[in-house]
Amino acid sequence: MTGTTPFAFEFAPAIAALPFVSFLIALAFGDRMPKGGALGGILATAGSLLLSLWVFVTVSGGSAYVHDIHTWTILDAGGALGDVNLHFGLLLDPLSAMMLIIVSLIALLVHVFSLGYMNDEGETGLPRYYAGLGLFTFSMLSFVMADNLLQAFMFFELVGLCSFLLIGFWFREDAPPSAAKKAFLVTRFGDYFFLIGVVGIIATFGTSRFAVVGDAAAAAFPVEAAKVLGVTEGTATAVIPGGMDPQLWFTILGLLVLGGVVGKSAQFPLHTWLPDAMEGPTPVSALIHAATMVAAGVYLVARMYGFYLLSPTALGIIALVGGFTALFAATMGVVKKEIKQVLAYSTISQYGYMMLALGAGGYVAATFHLMTHAFFKALLFLGAGSVIIAMHHNENMWDMGGLKEKMPVTYYTFLSGSLALAGIVPFSGFWSKDEVLYEAFVHGLGTAGTQGTLLLVAYAFGLLAVFFTGFYTFRMVFLTFHGEPRSDTAKDPHGVRWNVKGPLAVLGILAAVVGLVNMVPVKKLTGANIDFLHKWLKGPEALKAQTSVAHYTDGDTSLLHEGAHYVAGTLAGGEVGTVLISAAVSLGLALAGAGLAYRLYNVPEPVEHTDKLGAAKDVLYNNYYQDEFQVFLAERVTMPLAKAADTFDQSVIDGAVNGVSSVSLFSGRRVKRVQTGLVTNYALLLTLGFLVLLVAMAATGGWF
Amino acid sequence: MAVPAEYYLVLSAGLFCIGLAGILTRKNALMFLMSVELMLNAANINFVAFSLYWGNLTGQTFALFTMALAAAEVAIGIGIILVLYRNFGDVDVTDAVGMRW
Amino acid sequence: MSSHASLFALGPALYLAATGLLVLVLDSVGRTTRLPFALGSAVFGVAAVGAAAVAAFTGGTLLGLGVGAHAFAAMNAFLVAFLVYLVDPSGSNRLLVASVAVAGAVFSLGNAAYYLAYFGTTSDAQAALLFGDQLVVDQMSLLFMAIAASVTALVALASYDYLEGHAYQAEYYALVLLAATGMSLMAAANSLATVFVAMELASLPSFALVAFLKKNRGSVEAGLKYFLIGALSSSFFAYGISLVYATTGSLQLEAVASALSGGTEFVGMLGIGMLMLVGGFAYKTASVPFHFWAPEAYEGAPAPISAFISSASKAAGFVIAFRVFTVAFTPAGLFASLGIDWVLVFQILAVVTMTLGNFAAATQENVKRMLAYSSIGHAGYVLIGLASLGGVASQGDTVLGASMMHLFVYGFMNTGAFLFIALVEYWGVGRTFEDYAGLGRKAPVACAAMTVFLFSLAGLPVGAGFLSKYVLFFGAVSAGFWWLAAVGAINSALSLYYYTRVVKAMWVEEPNGELELQGRPTGLYAAVVAAAVVTVLLLPGFFPIAETAIEAANAVLPNAGDTTTAFFG
Amino acid sequence: MIDGTIEALLAVTLVASFAVLVSPDRYAAKLATALSLLPLAGSLVMWSGFEPAGNALVDGESAIGYMSQVEWFDLGGITLQWFVGVDGVAMPLVVLTTVLTTLALVSAWTPISERQSQFYGLVLFLEASLLGVFTALDFFVWFVFWEAVLVPMYLLIGVWGGPRRKYAAIKMFVYTNVASLVLFIGFVALVFGLGDSVATFGLPEITQALRDGVAPDGLPGVGAESLKLFAFLAMFVGFAVKVPVVPVHTWLPDAHVEAPTPVSVLLAGVLLKMGTYALLRFNFTMLPDIATDLAVPIAVFAVVSVIYGAMLALAQTDLKRIVAYSSVSSMGYVILGLVAYTTIGVSGATFQMISHGLISGLMFMAVGVIYNVTHTRMVSDMSGMADRMPVTVGIFVAGAFGYMGLPLMSGFAAEFFVFVGSFQSTVLPSAPVFTGAAMFGIVIVAGYLLLAMQKTLFGEFRLDTDYEVGRAAFHDVAPLFVLLLLVIALGVFPDLFMEMIETAIEPVASIGGGA
């Protein structure tokens, strides 16, 4: 940070505060306001967007910003750590600036879209809806701007709450509350590990700051960790429990935090909540369950990437989980009937890619894919929302067909998003996904030993998933828009208004072109310096602090090399050849998938071809029985255990308590029988008692 | 001191036990009362005997007290036995078992 | 000081006796002629004033103060009686005799309090020894005289309503007062002879009082059992005295102690004798195994008499036990080495008594009988005071004092509880827990008072019973007998259960059927409320009681209190 | 030396209690509520003017605010005294008590229709006793108040409770009384073991003596170390019942289920804290060496309480029982924080007392408001309550998330502090393992609360009543709202209490040798 604080940063807290105000307004006065509080939300998110853009511009001008806004509390940890300052703060750097724009933009668009999806459809409870959106936007933006892990965790949980509230928006029905519960619970399970991680990091380092910008006095845990491992020089302050090997301990901490990531970003095995979350209103799915909240996990890994880079094991696991999830979810997407279900599995799959990228050292690739995916997936969801409006809230694709002519705007924008999702050049998804796969490929090739093998396996998963992605995407497109209408509503769909079409148009364009910001293959081929995103994330020269991507990726001294020991390799054709081969293979697979979909489903009267899958069909329909497994865990293991505990508690523990009382009363009833009522008995007992005392005294007194 | 003190003790203990036995075996309230008198007199024997043994008058004086009190006790006792008879129609102490446990 | 002068120190006892006689006199006077009485009263009053004048000349000594106080009190008592008589010469004597009885008891109490204050404020105050050391008036005597007097006052006050419609009321009060006299003398008894005589003086009227309701089979049965067991116990006691006398040749307690200070060859005889003495005390205090009379006597007797016997009589029984064992059979260690470990006997008695009392009380259906058993339980608690004397010697005064504190407080809370029963009997409400259902709504004040008594008995801090019980446990622990305290604790918890049953019945349960209460008997109410107020006030005002009790214990324990002589000056 | 502040606080509350007891039923509710504002205001004034830093027991006079100390009487060489005052641990609890009492009184307006003056009077009496417990610094004074709490509690549950109120009330009464007796004997034995080195029952003096390394002389037949161990165990058992710690917890669910709403609020909100407060004051401040020796078993009890309590809550079908068992679970965190012996852990535990007081109060009140309308608390009986009572349900949901430890609410702050503190404990072997195990509670708590909410609050509205189910009255909802705001305020600004707590805890934790 140079000189005085740029003006934009002074206003940065308002980015989050504005939606919070809109939340309060919607909550308090929503039912007395036009549009149920939507206008406030639109204004607030628009304001946030503008401020985000301002911050973006300021950051690109070479400034970054860390600022403590509110000291939560200062804990006295004693010993080496001393006072632990827990606070809410801002970290504005290229990564967060980019993410701010994504979030506020999509939030704005979703607010607008909701006018069409919710207000125009005459929903009740709109103030609650917009309050939820406002609170979510606030939480998400605060999460993005967090300068420490604790704050990140807090808002990570809060977005979970908003997700819960919005999934369960239609609480009068049975399915949404159930889905909401599941969403919160499954992510909570992940957050459990995350929280241990946060606690562990704070207990280890005495701070949970992500980065040090400007202020050298403050410590940041990735920096300290690197010092402990000797990757960077300096004296570190860290308390490792039980004299554990620091490397191992950091890996454990990283994996614990990863638990939250896996939950929130719907990675295997905690992905099961996301498809259910589609019970929520579609704009919510677009905002929360596609573009932003689900991205929080990935964003978090990127945020503390410097820490993960110190642990090759953690990285390997991230890559493997990501690659596997990408493939695993994609296969499930191919048999789904509801349009939103397809998109849900697709979302899981795409976040798998991002995780793969992060695990493979592709920091920029992951971030890039995060951005493009945010746009095209939000677009697809909103498009699906438009279709759902048209279909009177029937989501079954087998009831659709031929909507292309009836709703051209929706169709073309949806197509744009689909092309991006499938990874067809030159749509945005191609560029980002290509880079993801490329990173995994080259690092897999170059890195020796198990690490490299692991990356190659993950790469293979990802590559295979490309084919399925192409297939399910276009199966969806063809079933929805092409062929003959297969139901009465599809013949005469409900129209949509500007408030639906507008956001679609914006996102449609973005989905098509946003990939151009980072055309790495083109750069490699032509040498043109058009990897703008790389440059952006790397930050201006003034900003090459620990947060910047340069530190992660550039050269032999980068953490990627020093910490994770990743080395880039190439195939026979050198770098350019590798780029080309990689791109060609993935594009080819995508086209193959799309082509298969075209053959099977782009017909007037498409039929299900799932029978050809044989035994695999049931498995896929049932999502690999993952839900069943989790339900089994909940209902057949946990509940009986709880009931058993309850029985034990009531019978044994409480039984003991009641037993003491019963025994006392019982002995009381026995004892009082001594009092027979016969005075001669009393005389006898009295005499006997006296004799007993006499004998006792004589015995102890040694009279005999 | 012709008779050793132990003999008096044995005598009084015997008397005491006889009285006690009477109490334990008799149901008639009057017999009960008489047995109590026997026991008190057992005490009196001791007092008188050991008064002699110790050479002071304390024991003898006390024996007088005991007798007076025994008389008072009997007076009260007879009164109670009287109302017992009126209420229960008998002087059998085992009749009065209205309260127990 | 001369024994004649110090006779006034026995004032509390004398007052009770005098009042008892006065009651009889008044009663007869009312029936025959009034004038002699009026004249007699006036003469008494003048005599009292004269005595006061004598006091003025001899001021400064215990004697002088004593005369002055008695004179003043006597004058007042007689003037009150006289006035009552003059104002309502033709009315029934009922109110009169009751008032006189109450007044006499109150004066007795005032007297005791006065002397206690004297002891408390005079650093070199000496105990008064009377009649060749046969009687002693020290703080312990006075404290227990105060207990007897306060219980008597409450009982007399309550009896006014309770006896409505009964014959022989004057005799009733006279018996109560004479029994109370006996109890006061028990407190002062310093020889086995006076102990025995005083005990009989207390017992004999009590027998008659228990059987006072001549046409009530319960009352008669109670009287019979009380009498029979009492007679049996007193023969045990007399025989025990004779054996002790046989061993030591003496009845006066200090003389017994000095005779035994070098040990004795008649260990067996002495041991049996002492055990028989224990039996006598156990009978008087309703301790196992001489307790069998208690449940029936308390249940069958008129409720005020139950209150009287279970509070005052029990306290009197304890005071002689305290005195005999701390003065005559001391130090405990000597007797333990002789093979007569009386502390052990009291430990056994304490444990068995409290356990039996509380366990039997827990399952009663009749409230009065429950209280009877609980009274046995409390005897067990108080026995801890004697049972802990063999431990840390310097803490003996704490634990013995704690026993006295408990008895003092017990005198109010237990009396109050039985008087509440009297109130309920007056109303004709049944005797079982079920019958008490919903009583709290009909008679909130009385039930609130009863709640105070019960919780205080259970050791909850709504009354001084909390402090006295915990000081007792505290003392036991301090003397090293934490296990006695633990047994007490178990029992205390159980007692909470059954006391609460009454509270539950009164406040929690719904009334079954029509519950109509006839009348608001002023005397009963006054007695119950007074007892409750004192019980509560003693909680913050516990200090004087504790101080007095510990000093009293200190005075009788020869080797205790070395570390605890410094009290608040 | 009499400061008069705390005396005034106690006296005002007691007088208010008696005034309400004798007032006519129809004025009792409003009168009690109005009068309860006096101690509330008093405690807030005390809080705002509170300055001392340090622990009342360890740092002595300088750490005690509003101190009064007068000798009362002497007992076996030990002087009993009137000794009251507050430090950074007691002050928040005093505020908690007054705040919750006022709110509980308001929440009683609807459900309590019979014998109102008695009810409100007893609640105020309860408040006075509770205030006494938290301000007393002499053992005997403390014990008087400690036991005095039971009396109004018994009556409040017994008279105004549910169908099994008699059983529940007597169980609570006797169970906790037994515990008191045990701890009494343990503590007194300890004090006597100390011999001449202590002359009073003043907690600071006893603490000082033990801290100065005065080894108890022991009692006849009991050595010094075994006496300390014995005293520690006796007190631990005694307080554990009150907390309650598994396995001596079974009185609590019964008491909660039967108690009327306002009483449940105070029971969960304040009474349980008496146990943990006492554990902190007695066991952990006075006998740190024993506490650290026994760290592992105590931590096991803590973890078992957390997990087992949560599992029990999962199995319940009565909303109140769910919240009751979850209290058992939450109080386990307090024990964990205490045994950690780090400043953060013990402070966190103290903070959790406050936080749990507010949140559990909120939850019980919310369940009560729903019950006022539905007349049932069985999960299976109702569905879709959100349809009819949107505001109440909204606050219920917020409170439930607070219970789950949602950030920016006090529960998260408290649990987080406890976790950090116990994680870095040097006293507790394998501290991270214990911490991690206990933390699993946050998953189960989410499980049962979400499940219960799904079944009762959401879904289609269904409730078999012969009357129209309407919204709750304003005065029913208002206290909920206030509590929610407080929970959030403490979640965002934990330093409202945390700072003063930490200054008071630091000397304690440093005894334990923790970081």
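Biologist: What makes the length of helix α1 of chain A agree with its number of residues?

Modeller: The model is predicted, so the check is on computed coordinates. Helix α1(A) covers residues 7-29, which is 23 residues. The expected span is 1.5 Å times one less than that number. That gives 33 Å, and the end C-alpha atoms lie 33 Å apart, so the two agree.

Biologist: Where does α1(A) have a kink?

Modeller: At Ala16(A), shortly before the proline Pro19(A). The bend there is about 35°. That angle is taken between axes fitted to the seven residues ending at a residue and the seven starting there.

Biologist: Which residues of α1(A) are called buried?

Modeller: Among them are Phe9(A), Ile15(A), Ala16(A), Leu18(A), Pro19(A) and Phe23(A). The label requires 20 or more other C-beta atoms within 10 Å of a residue's own. Both the kink residue Ala16(A) and the proline Pro19(A) carry that label.

Biologist: What covers the buried residues of α1(A)?

Modeller: The cover includes helices α2, α3 and α4 of chain A, along with strands β1 and β2 of that chain.

Biologist: Why is strand β2 of chain D called largely enclosed?

Modeller: Strand β2(D) spans residues 78-86, and seven of its nine residues are buried, so the rest of the structure largely encloses it.

Biologist: How do you know that β1(D) and β2(D) pair?

Modeller: Pairing needs at least two bridges. Eight bridges join β1(D) to β2(D), so the pairing holds by that definition. The strands run antiparallel. Two residues separate the strands in a hairpin, and Gly76(D) in the turn has a positive phi of about 55°.

Biologist: Which residues have the most contacts inside the largest nonpolar core?

Modeller: Ala148(C), Val176(C), Met186(C), Leu419(C), Ile185(D) and Val339(D). The core itself has 798 residues. Leaving aside residues up to four places away in sequence, Val339(D) touches Ala291(D), Ala295(D), Ile298(D), Ala299(D), Ala302(D) and Leu428(D).

Biologist: How do you know that chains B and D are not in contact?

Modeller: A contact needs C-beta atoms within 7 Å. No contact joins chain B and chain D, and their closest C-alpha atoms are 24 Å apart. Five pairs of chains do touch, with the most contacts between chains A and D.

Biologist: What makes up the side of chain C that touches chain B?

Modeller: Here 32 residues of chain C meet 34 of chain B. Helices α8, α9 and α12 of chain C each give two or more residues to that side. α9(C) gives the most, with 18. By class, the side has 19 nonpolar, seven polar and six charged residues.

Terms used: Residues are numbered from 1 along each chain as its sequence is written. Chains are lettered from A and ligands numbered from 1 in the order in which they are written. This is a predicted model: local features need pLDDT of at least 70, side-chain atom pairs count only at pLDDT 80 or more; totals for chains, interfaces and linings use all residues. Two residues are in contact if their C-beta atoms, placed from the backbone, lie within 7 Å. Helices (H or I, at least four residues) and strands (E, at least two) are DSSP runs, numbered from the N terminus. Ala, Val, Leu, Ile, Met, Phe, Trp, Tyr, Cys and Pro count as nonpolar, Asp, Glu, Lys and Arg as charged, and the others, Gly among them, as polar. A nonpolar core is a set of buried Ala, Val, Leu, Ile, Met, Phe, Trp, Tyr and Cys residues joined through C-beta atoms within 7 Å. A residue is buried if 20 or more other C-beta atoms lie within 10 Å of its own, exposed if 12 or fewer, and partly exposed in between; C-beta atoms are placed from the backbone.
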